[in-house]
Amino acid sequence: MLRSGAAAPNAFTFPFILKSSSALSLTPTGTQLHCHVIKFGCHLEPFVQTALITMYCRFSSLENAHKVFDEIPHSTRSTVCYNALISGFIQKSRFSDGMLLLREMRAREVPVNAVTILGLVPGCTAPEHLDLGISLHCLTSKYNLITDLAVANCILSMYVHCGSISSAKKLFHEIPHKNLITWNAIISGYSQHGLGTEVLDLYQDMQSANICPDEVTLVGVLSSCANLGAQRIGREVEEIINRRGFGLNPYLKNSLISMYARCGGLARARAIFDAMPDKNLISWTAIIGGYGMHGHGDIAVELFDRMITARIRPDKAVFVCVLTACSHAGLTQKGLDYFHSMKSVYDLDPGSEHYSCVVDLLGRAGRLAEACRLIDSMPMGPDGPVWGALLGACKIHKNVDLAEFAFAKVVEIEPKNIGYYVLLSNIYTETGDSEGVLKIRVMMRERGLKKDPGYSYVECKGKTHLFIAGDRNHSQTKEIYSKLEDLVKGCREKEYGEIPSNNVSVHSERLAIAFALLNGNDSERDILVIKNLRICGDCHVFVKSVSKLVNRRFVVRDATRFHHFSGGSCSCNDYW
DNA sequence: TTAGGGTTAG
């Protein structure tokens, strides 16, 4: 870089050389350069000092960066050199050091600018940083920096990372001229927090505002389609991906696999997965999770073993998928072996989510005593889902005493989770204990717990049609109810078992199914109905019979399970 | 001619 005989570098050339050196990660050259800087007498030049700080920060040599900074007299420490060191600290996760520098800046009345904020705000990445994030937001308002779109976008993302979606939403609506990054930040944020319907609305709004979606936008949209079971919109997104030439983007390919897998389009998910030359851990997790949640535990396990053979190192998340798959496929010993291999082979400490999978695994196999011993051995102590898994196992094996014990534990941790009250109440119903059922009902009333209104929805021509029990608001109400009558009549004529009639308050899943049969729906093969509460026993019988009558497959996804109905039989899988 | 905003699975 610096040859003898060449023209001597000066204060203008050094920043450029230092920047190139840090971009190329040439640490020894960087230190040598610092010596040259001193030799050529440029070390007192502000541009050079700042470039040196940046270079050392990029080399993770924060102490050297700080040393250069300390050598700058207080009177000449500019906003820019503060910003360089602050960004270095934040990028190396030293948030409190960055905040100390901000405090010093303000105490010494060094002006704070947009870049100062852009350096600091990304340090607020978790809920515990929210207060500091809010104080930085206040600071931007004070200095009128929020009008800088980069600053506003950065603070918007901070709210998303800290889980404060309401603040993110408020800020988003306050930004007058939003750009692609603004839209992506809110779409990704909503999608990560499970606000699928809002994401699809925003996706429309964005296009109405003439902002063209890019790969990042589509990743968020696909993830929401996966959550909503909106396969038709997902397919439209796939067409856009191909048209725009985004087909090679690995994020998008993984999102497509996950979307198809979770919407029941396993064949398409598998085709994309198989054609992917560069499968990563995320791709494997998406496909394994898809097979597991749709009742193909055996394929999920086979794929997991293939993943290991392909030398992909598993993480905690893929273990959740494979353990769940084992428990559904009844592969108890295989699941236990995987669980033990987490620590012994991969040095991964099982989290409470893995313990709840294994409690479920043992519980389904009827090994309730072992499940209890495992709970006792948990280093982090059992949480709600662990006791919930035990409670679920007690339901399968009709163990009322243990169920009451698990219930007492779980409501201590999650007193407002209605699902557990319903579960115990169902155990009492199944064991003919009407007093028990009454006891739960009283308990719920005393605690002010009300069952959510159960609703179901089905996707048709890209639109989601939502039904509540006894719904008469739909424009096709007359046809839907008439279709339902025909279905019940048809099932009775064929004597498909005890078909409960449609009474005044017709269950929402029945309405959704009748609607889908009238209008068609957007799934590839199956009719997918999503219900926010558990599908009830009566509807189970109904859907089973209708699937035989009309020779169609139905998938009903409720709060915890996928129910696959086909030709008068049903299989169920808890998905998480 | 020194400082800088958004990304996938569970």
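Q: How are residues and chains labelled, and which parts of the model count?
A: Residues are numbered from 1 along each chain as its sequence is written, while chains are lettered from A and ligands numbered from 1 in the order in which they are written. The model is predicted, so local features need pLDDT of at least 70, side-chain atom pairs count only at pLDDT 80 or more, and totals for chains, interfaces and linings use all residues; side-chain values use heavy atoms, without hydrogens and water.

Q: How many aromatic pairs does the structure hold?
A: Rings of Phe, Tyr and Trp (its six-membered ring) pair if their centres lie within 6.5 Å; planes under 30 degrees apart are stacked, over 60 edge-to-face, the rest tilted. Here there are 10 aromatic pairs. Take Phe319 and Tyr346: the ring centres are 5.9 Å apart and the planes stand at 55°, so this pair is tilted.

Q: Are Phe319 and Tyr346 buried or exposed?
A: Buried means under 20% relative accessible area, exposed over 50%, partly exposed in between (1.4 Å probe, protein chains only). Both Phe319 and Tyr346 are buried. With Phe304 and Tyr338, they form one aromatic cluster.

Q: Which residue lies over the face of Phe172?
A: A charge sits over a ring if NZ of Lys or CZ of Arg is within 6 Å of the ring centre and within 35 degrees of the ring normal. Lys178 lies over Phe172, at 5.0 Å from the ring centre. Lys279 lies over the face of Phe273, at 5.2 Å from the ring centre.
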